Every structure is written in structure tokens, then in C-alpha cells.
Amino acid sequence: MPEPAHPTDRSGALPAPTRLAEAILRGLHGDDADALVGDLAEAYQRRRREHGAVRAWGWGWWQVVASAAHGSPSAGRSDTVRPVLGARMALRALRRDPATSMLAAGILALGFSAPTIFASLLWGAARPLPVAEGERVVRVDVVQPERDGRALSVTGRDLEAWAGASALSGLGGFAVRGGTLQHARVAATRVSYAALTGEVLPLLGVGPALGRLPDGSGADDAVLIGHETWQELFDGSPDVLGAEVTLGARARTVVGVMPEGFAFPYGEQAWLVLAPGDADTTAMEPIARLAHGASNDAAAAQLQARWSGSDAMREADDVGGVVLVRGFTAGRGEGGEAVAFLGLVLVGVCLLVIACANVANLLLVRATQRVRSLGIQAALGAGAPQLGLQLLLEALVLAMAGGLGGLGLAHLAVGWVQEHGQANFGYYWMRMGLDGPVLPAVAGLVLVAALMAGALPALRIMRADLRAVLSGSAEGDRQAGPGGWSRAFVTTQLTLSCAALAAAGIAGSSVFDAGRWGSALPADEVLTARLHLSDGGDADLAIERIEAALSAEPGVRHAALAVGGPGAWEPWGRLEVDGETYDRPADRPVTWGNAVTPGFFAVHDLGLLQGRLIEHGDRAGATPVAVVSDAFARRFLGEGDPLGRRLRVPRLDSAWATVVGVFEAFDLGAGPAERVYFSLAQVETPAPMAFLRGGSDAEALAPSLRSALAAVDPSIAVNDVQTLADVHRYMVRAPSMLAALAVGGGLAGLLVAAVGLYGVLAVRVRQRRRELGVRLALGADGRRLARDVLWWALAPVLPALAVGLGGAWLASPILGAILLGGDPRDPGVYAAVGVAFLSVGLLAAVVPAARAAATEPSRVLRAE
Amino acid sequence: MARDDYLGEFEHLVLLAILQLGEGTYGVPIRDEIEGRAGRPVSFGAVYSTLRRLESKGLVESWAGEAEPVPGGRARKLVRLTPEGLAALQRSRARLDRMADGLGDVLGT
């Protein structure tokens, strides 16, 4: 006999949502529904007791779905039945043609993966600060619109004027600085640190993981260090508390270690509190926390009312400035990351549109093939809306399957990007992931995709006279066939995929060009490091002594110092050539410069063509000199002798430099060849780069580098010791990753479009098999028929190629703004994309062409 | 022999479960019995649609049990085998035995 159940089991809840489950079951099981639901509730409650809520919930929902599938059409009479019946028919149709269903779901998975990945990247860049209620932490800027939005500095006095604004629950300021951290037990290290007002850390709601906060007065010379610095320099020892260090040439005491991952505001490694007197005269970036219920605009209005201009402007009697309040992380995007990510999102959406068009085509073609069975359903009483709903539900099921598949692919890709690209993200709070608004966005895309893929096939079937279809009339065939829509879909897919592939090709070419950088220079043989000279020391004297000490080290063939490396892409402002006239300052060309010591040219094998190179005699106080590349001379100094010409750049403080030599330009792939080098001794720089070249193993020179510098001045901080090849690899890592994603997306789009083209050609060959059979029977050559099919393929491919490449050509200036370099209109790239595109298009036509040529006239005509 | 006399596999299992459990059984124990003895997952929908079919063939009959004396309490649908149902089971079993006659070694029975 059945065992007694708990008295409330049958009245208990089903796996949520109960009403939906009951409605589904009631619609399909009629009078039995009450008992069935009661049985399900009883079994579900028992499972919860025995196996836990999670397993019971999964089992319960399986029961609901499986029970719905066994429902009887005659049992249910409610309006819930029709959609459920449509879903059952849709599921059956999908099961009957598993190959097409899996192909469609796979295509949609590809289509969903791309925008999901790229949206995750974009969300990662826009994420709020990783502190409690980080979305309410805002930054305050004061800008001058009449001066191109230039931001004004704010001091502690201005923060005092703003104190009391009711829209803010906290207000403070910070200034980011660089300094040398020294301790008795560790080598001098350059760190980036933040000087904060006392309100900042309480405002953020963050405290040290070890130790205590500074007392807030700034008088205790306390400093907090970051977790990573603690691990690297102090081996993670709790003895760090109370350690006496020097930071920025001032003695301080370590009082705390901040939690792992904290690097406020932009990746800093140490924090100290400004004394009120220091804060009043320190230019700072304001930061605040919005009060509950307050908006950015309300806060900005209150602060604007209290703003009376900076000290400098007060002195100049030029009060102005507009106060802006924005999320702290809003708009941040170092190196154009936000623009690049947004561009990738657009590429991803293109891919999804391509995928949806492809699936719509597949569903349209399949509906055409099933038109007779749909016609029979109509004859048996199914209404047009019911048949259309069936096709929409098929598309929805495919979209859901594709969405899940796309999320899986995106999860893998985002994990890879996070693991390999975290170091390249501009700000420490950037973290990619499938959270936040990404999942709801994907869910929305699933619904949109289902509509996009299912609407047209559904409408076409709903409008067709299925009785005419059943009668076999030509009109019936025309109404139910895919018609011109199919070709339109394919052309759209091909056009978008061509444009996406061209954009991806340009991005990939840019990275490839940048990759040639290493082959132009002995990058693996050169060791580099960033030096930070003593605060307040004699930089000029130090540079000369450092170069001499480095050159004297055993194993070092050549040594040099410079502002940047040979491939540095830092503009040195607008160039002015003596004797040239410029209508406006903006007409002066931007130049790419460097300042070097004499050894620089030997380190990098830069050959002299004319005159002389930088020499030790080119010291501070002597006549400024410059050495230019031959490309620079040709472009900016005209046809005559470049030696003796004079030029100046803002970095030289308006002094004219005389050209004393011309060196051979080197091809960096990316970046200009027109370069000018000045003497490092004549350009102020507290943080030069050191370059050492010895034998083939550059890393073996690292001990020599440190010992030479320690002998000159132990307070010189050395950071980023790595080979020139490593420097280059770091520079191209993030663009390479983005280019790889773009190329992958472009190729995926091309694959999807090619599948769509194949489908259309296959259907067309099948539909016209009678005509093909007749032509063959009358003596036509099979190869001629195959050529005709290839022309059918080219009909959408050629216009798509023209429009796609043309669109990419027009958009190339936008692409050029975010690339490493290279030419966004490189004809080679466009030609390669064109060839690849044509090849794939023709490849998609091979099988249909072969089938057309292999048509057996006798079989076809007998079947007719 | 009437066409309604032929039993499908799941109809067999449901009838045998009712026979095992006795008169007045209902959906939950029937499902548990089939899952436990036959080792196959079964949905309540499958059980109920089969019971409807068997009832239409006259092989089982059902009646509503009393609802639980609690708010929202749902009544059970109780079932029992009819004499025709028992006879159909017996005929079906005999049919299978005749088909399997002499195959004991092969079938391992």
C-alpha cells in the first residue's frame, strides 16, 4: 500500500514558479491536472527532505517539462494549450532534422559569443571602483570650456569651500606621485604613490589588512604600502610594521599594509596622508561619495555654487570653470581602450546579425521544405497564427540553445583574456567577466535574435495560401518558397562579414607591422631599465657618470641612456624649422623625438650617413645639437644640405638646435621613420632609460647594471629591467589580443556567411533540378551547369565585396586612430581580404555546382 | 481478439505496478514502483496519460480520493485494475512466454 505522506505535501509548493508549472500541466492534462500537480508536489517535497533543495528543484522542473510533453491535446482546453502545443511541435520539428538544428544552434552560438565577449570587455573597462557601493564614488573635475575643456587643479582650500555640500557624504583629494622607496634591507625601488587628504580612505570605506590607518593629521609621517610591494620588498613579513623607509626623499614609518588588489587610484603602491597645511597648497584630484539619493547633477550644482575659482585664477582675476561630477571610473580608457572595445562590440553585433540572417535563411528554407506538412496542419484546422507561432518558437529554442553555447564560448575567451591580458589593462579596477549587465544583455539578445531569425519565416508561412501549396500550383510554390528574401539575407550576411573581415585584417596588419620592429633592431641583445635619479641631485652629472660606469662593466660592449627607446612613439610637440613659415601653430608638423647619450647609436646599430653623431661634448650649456634620420631630412629639411639647419621643439624650451648629423632611418614597421635625436645632457629628464649591449644574452647583463649604478649612487632606483624584445612584446600584447579577437570574429562571420550561401545555392539547385535535367537531356555540358552555379554564387558575393570593402575604406580613419600604426588603407590588406572572400564564396559553391553537374536527366524527368 | 487488447511496453509497466501495489494506489507510488523495479526515469505526465489510455480501454478504473484537510490540499486520483485489465495482462504475459519458449539458455532465464 502507498506510504502515508506528510499532511501538507500535496498542498506544498512546486518548483517555482508554481503558477506557471500548474498552468502548463493544467492546460495539457485537463481534469487530471489537480491530482497530477498534487502528486508532483508530494514527490517534490519528499525529494527536498531526502536530497536537498537544489537537486529537488532540478528534478522538479524536469518533471514539469517531461509531463508537459506527455500531455494530451484533447485533455486541455485552456488558452495555455496552444503555445505549449506549438512548443511541442517546434521541438519535434527540430528533433526531426537534427543536423540543421545543430548547425543553426552552432551558428547562433558563434553569433552570440562575439558580442558577449566584447560586451564583457567593455563592461570590464566601465566597472565601478571595487569598494563598497563603488558606483557612488565620484570624481569632481573643474574644466574651462572656453579653453578646450582644460581641467583646473583643485587644492585643499577649494575642498574646504565645498565641504558641507549635502549631496556628498564624503569629500577628499589625492595627488599621484612617483618616488624612490628605500629601506635598509631592500634595493631602492621606484614606486608610484598617492598623497591623500585624511578623508579619502574613510570615504572609500577601505582600511589596511595589516596595521592601522595614519592618524589623519599627516603629522606622523606614516605611510601605507600595497600588498604586492609588501610581498616583493619585505617578503610578506609582519615585521614591516614600524619599518623606517624613505619615500620621496623623506623619512617615513610603515604603519599598515593595504588589502590585496587595492591600488587606488590608478595602480599606486603606497599611500600617505597630507598634513592640512600641505594639502592647502597641493594640486589634487577631488574625489567624493554621493549621499544616498543624490545624483551627479545635484552634487555638481551644489559644488558649482561654492566654486570661486582656483588660487591661480583668483590671482589673475579670471574666475571661471564648470564643475563636473561623474562616476570615478567613467570614461577612463587608457590608450583608446574604450573606443577599441566599443568598436569590437559593434563587430560582435555585426556577427550576431549575420548569424541571425543565416538562421532565418535556414528556417525559411526548412519551412519551404515542410510546407506540405504545414499545409496539412492548416487543412486540419491549425490557424495561420498557430503555424507562425510554431516557427517563432523553433527560432526561440534555437536562440536559447545558441545563447547558452555562446555564453560557454564567451566564458572561455574572457577567462583567457583575463589571464593573459590583465597586466595590460589601463586601470587596476578593470576586470573582465560575464557579470553585471552582460548576462541580461545576452538574454535580451536571445529574444531579439529569435525574433530576427523567426519573424520572416513565420510571416511568410502565415501569409501563404497553404491550400494552393497543397494543390501543387505554381502560385503556391511561389508563395511558400523562400523567394528573394533568401538572397537578400545572404547578400546582407556577406556584406557585413566582408566589412568585418576587412576591419579585422587592418587591425591584424597593424599588429603584424609592429611585430617587424624586433627584426630592425638587435632587441634580444639589448638590456633596458628605467632609472630614477636622486630627488634633488645633479642629473646632468649623474648621466655622464652612469654611462661611463655602465660602459666599464665586464661583458658590456656598448651602453647608453636615453629618454625613450628607439621605437618610442612619443610625440615631442610641433616642430619648427628655421626658415620655414607656418600660417598657424597647428600647421607645424608633429615630430617624434628622443634625447640620447653618444653610445645610443652603437647600442642599436644606427649607422651614420652624414656629419657626426651626438658626442660627449654636447653638454648642458653648449650649443644644442640634433641628429636627424634621413627620412626626417628629406621630409622636413628639403633638398639642400641638412647640416647646419636649425630646428626647435617645445621640449628644448624654445632653444634652436643645430643639425650636426644624419643617421640611417630604421624600419620599425609601425611608427614614423622621421626622427630627431637630441643630446640627453641638453634635455631635462629625471628618469632616463639605460641600454646595455653585450653578447647574445642580454639578461646576463642585469647584475652588471645594478652593480654599476650602486657604485655611482645607491639611491638610484632601478625599475623594469628587461630586454628590448620584452619591452616590444609588452607594447604589442594588448593590441595583439584585440586584433586576434577581431580577426577571429571576422573569420567566424565569414564562415557563417559561407554556410548561408551554401544553403541558398543548394536549395536553388534542388528547386531548378527539372530545368537542369532538361538542359542535360538536350545535350548541355555538365561543366557548363557547374559554371552557372558558380555565377549564382558570385551574384551576391561581388556586390557584397564591393560594399564591404568600400565601407571599411570609408571607416579606415576611425580605425587608424586606435591602431598601433601602419596604414589603415594598405592596398595589400584589402587585396588579401578580397581574395580570401572570393575564395570562400566560390568554395561554398563547389558542392552545389558538382551536384548540378551530376544531375541525372532520366531520374529527374521520371520523377516529374 | 480485440485490438485494444494489445499492450504497449509502458502500459505493461503501469498495469504491473498497480497489480504490485494493490487497489487504491495513485501516481506517486506507481511512479516510484516503476522507477525502482524497471530502473527507468518516469514522469508523472507519462503515468497519467497512460492511465487515461488504459481507462479508455477499460483496463483500469479510477476515482477521486479525499482532499487533504488543509488549505490548498489536492485530492489523489486512485486507481485499480479491472478484471479486463488483469485478463489483458495475463494474455500478454502468455504471449510473451510462447514467443520466448525454448530460448531460456539464450535469454539467461
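This is a predicted model: local features need pLDDT of at least 70, side-chain atom pairs count only at pLDDT 80 or more; totals for chains, interfaces and linings use all residues.

Student: At what angle do α2 of chain A and α2 of chain B pack?

Tutor: About 60°, with the axes 8 Å apart. Here α2(A) is residues 33–51 and α2(B) is residues 27–38. That angle makes the pair oblique (under 35 degrees is roughly parallel, over 145 roughly antiparallel, 65 to 115 roughly perpendicular, the rest oblique).

Student: Which residues make the contact?

Tutor: A:D39, A:E42, A:R46 and A:R47 meet B:G27, B:V28, B:R31, B:D32 and B:E35 (contact means heavy atoms within 4.5 Å). By class, 7 are charged, 1 is polar and 1 is nonpolar (Asp, Glu, Lys and Arg are charged; Ala, Val, Leu, Ile, Met, Phe, Trp, Tyr, Cys and Pro nonpolar; the others, including Gly, polar).

Student: How do α2(B) and α3(B) cross?

Tutor: At roughly 110°, with axes within 10 Å. So they are roughly perpendicular. B:G27, B:V28, B:I30 and B:R31 meet B:F44, B:V47, B:Y48 and B:L51 of α3(B). That contact has 6 nonpolar, 1 polar and 1 charged residues.

Student: New topic. Is A:R139 buried or exposed?

Tutor: Buried, at 11% relative accessibility (buried is under 20% relative accessible area, exposed over 50%, partly exposed in between, with a 1.4 Å probe and protein chains only). A:R139 sits in strand β1 of chain A, residues 137–144.

Student: What lies 3.4 Å from a polar atom of its side chain?

Tutor: The backbone oxygen of A:F328.

Notes:
Residues are numbered from 1 along each chain as its sequence is written. Chains are lettered from A and ligands numbered from 1 in the order in which they are written. Side-chain values use heavy atoms; hydrogens and water are left out. Axes are lines fitted to C-alpha atoms, for helices over the stretch in contact, and angles run from 0 to 180 degrees between N-to-C directions. Helices (H or I, at least four residues) and strands (E, at least two) are DSSP runs, numbered from the N terminus. A polar contact is a pair of N or O atoms within 3.5 Å; within protein, one must be able to donate a hydrogen and the other to accept it, and residues adjacent in sequence count only if both atoms are side-chain atoms.
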